[in-house]
Amino acid sequence: MVQLSGICRAVLSPCRDDSPPQPASFAHRFVALRPALPSTFFNINTKEVLGGGRFGQVHRCTEKTSGLKLAAKIIKVRNPREKEVVRNEVQVMNQLSHANVIQLYDAFEGKNEVVLVMEYVDGGELFERIIDDNYHLTEVDAMVFVKQICEGIHYMHQMYVLHLDLKPENILCVNRTGHQVKIIDFGLARRHKPREKLRVSFGIPEFLAPEIVNFDFVSFPTDMWLLGVISYMLLSGLSPFLRDDDSQTLSNVLAVNWYFDEEAFEHVSEEGRDFISNLLIKEKSERHSAAQCLKHPWLNNIGQKAMHSNICLKSQILLRKYMARRLWKVQYMCAF
Ligand code: ATP
């Protein structure tokens, strides 16, 4: 890497391309929740936590018979309603077989917990990888990441599935060297039924679409808004609606109050800005669909663009601050 008058330039790596991601190491399976002990079939490393969220913890695990490396999400369920939520996650994952969408391998149901065994990916959260000192994020990298997220959304939408919880934590890297990503966490996903009007209320304020804040009907464009937020963050390192407190953040979302911060977007192309502008729109019907996004010039001719663009985005530095603040918030909340 060379520093040129304040602009950092990345050395082009051969993996900075848009080649298709590897599928799971097993063929797609239709999984039914089994009333058995997962420990009969899998060794789950409960001492090591890969991640955890509102509902449970994720650990590395190995299938005893085949030695296959997988991930086990242990979800605590306290009542029949919570169990129903996990059943929904299994049902949704059963419908999805795509290289950019994490695959389900097995599922177990106990009295107070459900264990989902799934494809394991080794690269950690996308944003964690990006903020690494040894990583040099260019706009072309952002295109490669966003294109894959968009491929995954396009596939889900073709299967009538709405993810509804697309956020940076739910985009994982396949490994620590390449640029392949997969979408995880179908805990809040829903099957879209064309005649059914779906209202939902959940999520983190900065990652909510206006229709969710308004408790209005959600649909395919809801996921597209979220893709807009992720793309904005990748390119600038800023969260477009985030303010100091949740109520200000929510009013920003409702007012669709966002803009391109000139400094953060300094090295971002017009095409990149246009891509975002077609997603962060209040009116659902005016947002680009996943199919339209995939045809957008920003996500095309990536190989050619890689030969000419190698300026490191400023977003990397700002994302470090964002992630530090996120960690601080999680630790603060865990302390109470
Ligand atoms: P949330 O509260 O964010 O909805 P959750 O309890 O539903 O979380 P997930 O989002 O599915 O759980 O996973 C939590 C974390 O565990 C992820 O952010 C990731 O770091 C890790 N993780 C999840 N699935 C996998 C996987 N298949 N392979 C490797 N790591 C994973």
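A contact here means heavy atoms within 4.5 Å. This is a predicted model, in which local features need pLDDT of at least 70, side-chain atom pairs count only at pLDDT 80 or more, and totals for chains, interfaces and linings use all residues. Residues are numbered from 1 along each chain as its sequence is written, and side-chain values use heavy atoms, leaving out hydrogens and water.

**View 1. The whole protein, to get your bearings.** Among contacts with a separation of 6 or more, 69% join residues 24 or more positions apart. You can look for 10 helices and 14 strands (DSSP runs, H or I of at least four residues for helices and E of at least two for strands, numbered from the N terminus). Of the 336 residues, 52% are buried, meaning under 20% relative accessible area with a 1.4 Å probe, protein chains only. The C-alpha atoms fill a box of roughly 60 × 45 × 40 Å along the principal axes.

**View 2. Helix α6 and its neighbours.** Helix α6 spans residues 246–255, and T249, N252 and V253 are buried in it. Seen down the helix axis, these buried residues fall within an arc of 100° (taken from the directions from the axis to the C-beta atoms), so they line one face of α6. They pack against α4 (210–213) and α5 (220–236). Just after α6, V256 has a positive phi of about 50°.

View 3. Why does N278 count as buried? Its relative accessibility is 17%. Leaving aside residues up to four places away in sequence, N278 touches E286, R287, H288 and H296.

Methods
Buried < 20%, exposed > 50% of the residue type's maximum accessible area, 1.4 Å probe, protein only.
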